Amino acid sequence: MTDPIDLAKRATLMGRARGTSLRWFYRIRPSWRESFAAYLYLLPALVILGAFVFYPFFSAFRLSMIKWNLLPPRPFVGFDNFRYIFHDKYFWRALWHTVYYVGITVPITMTLAVLIASLLNKGLRFLSFARTSFFLSYISPLVAITMVWRWMFNARFGLFNYFLSLIDKIPFIHVNAVQWLNDPKYALPAVIILSVWHYVGYQAIILLAGMQNIERQYYDAAKVDGASGFQIWRKVTLPLLTPQLFFVFIISLIGSFKIFTEINVLFSGTSGPLRSAETLVYYILRIGGRIGNQTPHLGRAAAASVILFGIIFAFTVFQLTVTQRRVHYQ
Amino acid sequence: MLRRLILVGLVVAFSFGVVGMTQEPVTIQLWHGMSRALGEAIDKLVADFMAEYPYITVESTYQGGYGDLHSKLDAAVVAGNTPTIAQVYTDWISPVKSILYPIGPQLTAEERADIVEGLLPANTFDGVLTTVPFNKSIMILYYNEDLVDTPPATWAEYEQMAKDLTADLDGDGVIDRYGTAFRPSNPEQFLIFLEQAGGSILNEDWTEVTINSAAGLEAMNFINGLVPYSFITNEYMSDHITEAAMFLDTSAGYTYNVGAATNAGFELGVARAPAGPVNGKSMVQGTNLVIYDTDNQTQAQKDAAILLVKFLLRPENTVYWAIHTGYQPVTKSGYQSQEWIDFVASHPYQVAMSEQMLDSFESMPHPSYGDIRSVIMTGWEEVLRGAETPEAALNYMAEEIEPLLQQ
């Protein structure tokens, strides 16, 4: 790797050779000179990020204030779009579904991931095989696995209802077949089951890596003090795992707020019976005209995404300020 | 004298020939959403067209399914970078009619009169035929031939048969086979009953919402009565072919539905939609062709696109398209051509489809139709799922559609 200063010197030399001088460059304060070179290196990435991330991000705020039509005029309407959304019962339902989904999926997935990681950390015989198989669910293409799950949820021929029918055979227990994808009550739970399965492996692998990084001396010290296995797990493993737990928590929280693909595929391009599995992102894309061939209302969609941004932002700030204090670094 | 005449004649002929040969080459873009066999049929027609007009190059591109095609066209409209000609649903272009190049005035009177009448209103904006029908299908009744001898011809027969065919075959208290089926994401099913009851979404001049009129209520009540005997799913019926004895679906789904039925071991019949109290019309589905009149399109490109449209409307081509795709011809001359008559004779299910196509209606070209349709879809699903009464759902629709008329 060439040092930026070196590069600048060389440029000067080359400039001298051609009879010009880059002396002005050396009159700039050295610290600025360094940042200038650094920004030069960052420029390609910044251009791409600027065009595809920052510009759309800021233009969403602008869009949320205009009545967007396919053809101009696109008049400024103040908070009309927000007013429309706050009066739309489907927005409130979508918000509730999102909170419900996040509130259940994140804790369950993380709890299971901690358990799986702890078991794997025990030193399984075929550790790499087990690791791979848990990770497989995460690396498989989401659309493909969701289509498989659609069949597993099939009310008549699906695997889930087959298991339920087996349970039904146990004396004194009676369970009915569930219309997983066709009953508003079960649509969101079906998505939750699928998501937990999909993300648990990924989280478990990250947590496992974290566990394996914990230095032996802590465990040895705990053993010398006569701590039981559970005590060691509770008082040594978990506290020293908090950086990874924190990371997994933020990632899965933000990821869960953005759930969309699973729903769209599971319910054949709809958000479930009576939109019972419609989340905020689905709502945004629906009124923005990206789903179901709807007329695009980009102003309203932008307003809804500004609200979603506000929610995720608030959560992240909360996590950074409150949760961070409980994270222990080794 | 004679020699001079011949000479002049030769010069004239030669110069015309030169003009013909030096016709400026022109390239047009055709965006479509037809994959597999349908895409191949388009490619073949386009190739024939280019052979006939060597100076025109048609860049025909598959843009993905209808959803993708719609988004890409919207993006192209906003960017001012449209294709010359594209496949579109009426509600995709009704909000942007000011940038469309009306096709009707460029057709001859015979060509205009040749288009099937039921297909004209959805393509006519402010009295001008602007787009032309292309891949058109029709909603018809599919039925399991093992269970249904004579398909129902009226609402009353339909309801009675749906009731009789609903059965709990193994006696476990769960219905194993429904008489019929409905698809919540397909509000066109409701619009058929609405039309057949003599109702409409809006009044004639689009100033008033009429969906919650007596006719609307009659249609919705009829469906509501069928709900206990109906399998409700958003998935295609070809994935649930054994669940219901009869169902309304588009003729474009014929191969999928019949394939599924064959796998399940029964024959699938096709009939006209059961007729309601006022008429027996059914709803046309599918897209039309539009030519854009945006700044990036030259007159030569628009002219070339008009030639392509005229080419596709010719009887032999609309029939080729219909035979190879499962859609219906869009011109009367297509229906009268010997090739189509022979095809129908050897494919009996086509009789019901053709008859129904000639007794049909289509969605209205209202600028807010996309939004109106999604309101209807919401209310229609609420009735199908038993979440609302027919009255409440219709009133909800009327309330939501009302403000869309002001825009």
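**Figure 1. The two domains of chain A.** In this predicted model, chain A splits into domain 1 (4–63) and domain 2 (88–326). How far apart do the C-alpha centres of domain 1 of chain A and domain 2 of chain A lie? They are 42 Å apart.

**Figure 2. The contact between chain A and chain B.** Chain A brings 16 residues to the contact, and chain B brings 25 residues. On the side of chain A that touches chain B, 8 residues are nonpolar, 7 are polar and 1 is charged. For the complex, the predictor gives an ipTM of 0.85 and a pTM of 0.86.

**Figure 3. Confidence along chain B.** The average pLDDT of chain B is 93. Of its residues, 94% score at least 70. Residues 16–20 of chain B are another matter. Their pLDDT stays under 50. How many contacts beyond four places in sequence does the model have for residues 16–20 of chain B? It has 0.

**Figure 4. Where the domains of chain B meet.** Here, 16 residues of domain 1 of chain B contact 18 residues of domain 2 of chain B. Which elements of chain B each supply at least two residues of the domain 1 side? They are α4 (90–93), β4 (124–125) and β11 (282–291). By class, this side of domain 1 of chain B has 6 nonpolar, 8 polar and 2 charged residues.

**Figure 5. Ala162(B) and its surroundings.** Ala162(B) sits in helix α6 of chain B, which covers residues 155–165. Is Ala162(B) buried or exposed? Ala162(B) counts as buried because it has 23 C-beta neighbours inside 10 Å. The cut-off for buried is 20 or more. Which residues does Ala162(B) touch, leaving out those up to four places away in sequence? They are Gly179(B), Thr180(B), Leu226(B), Tyr229(B) and Met246(B).

**Figure 6. Ala162(B) and Ala181(B), in sequence and in space.** Along the chain, Ala162(B) and Ala181(B) are 19 residues apart. In space, the C-alpha to C-alpha distance between Ala162(B) and Ala181(B) is 9.3 Å. Ala162(B) belongs to helix α6 of chain B.

Technical notes:
Residues are numbered from 1 along each chain as its sequence is written. Chains are lettered from A and ligands numbered from 1 in the order in which they are written. This is a predicted model: local features need pLDDT of at least 70, side-chain atom pairs count only at pLDDT 80 or more; totals for chains, interfaces and linings use all residues. Two residues are in contact if their C-beta atoms, placed from the backbone, lie within 7 Å. Ala, Val, Leu, Ile, Met, Phe, Trp, Tyr, Cys and Pro count as nonpolar, Asp, Glu, Lys and Arg as charged, and the others, Gly among them, as polar. Domain bounds come from an automatic or database domain assignment. pLDDT is the predictor's confidence in each residue, from 0 to 100. Helices (H or I, at least four residues) and strands (E, at least two) are DSSP runs, numbered from the N terminus. A residue is buried if 20 or more other C-beta atoms lie within 10 Å of its own, exposed if 12 or fewer, and partly exposed in between; C-beta atoms are placed from the backbone.
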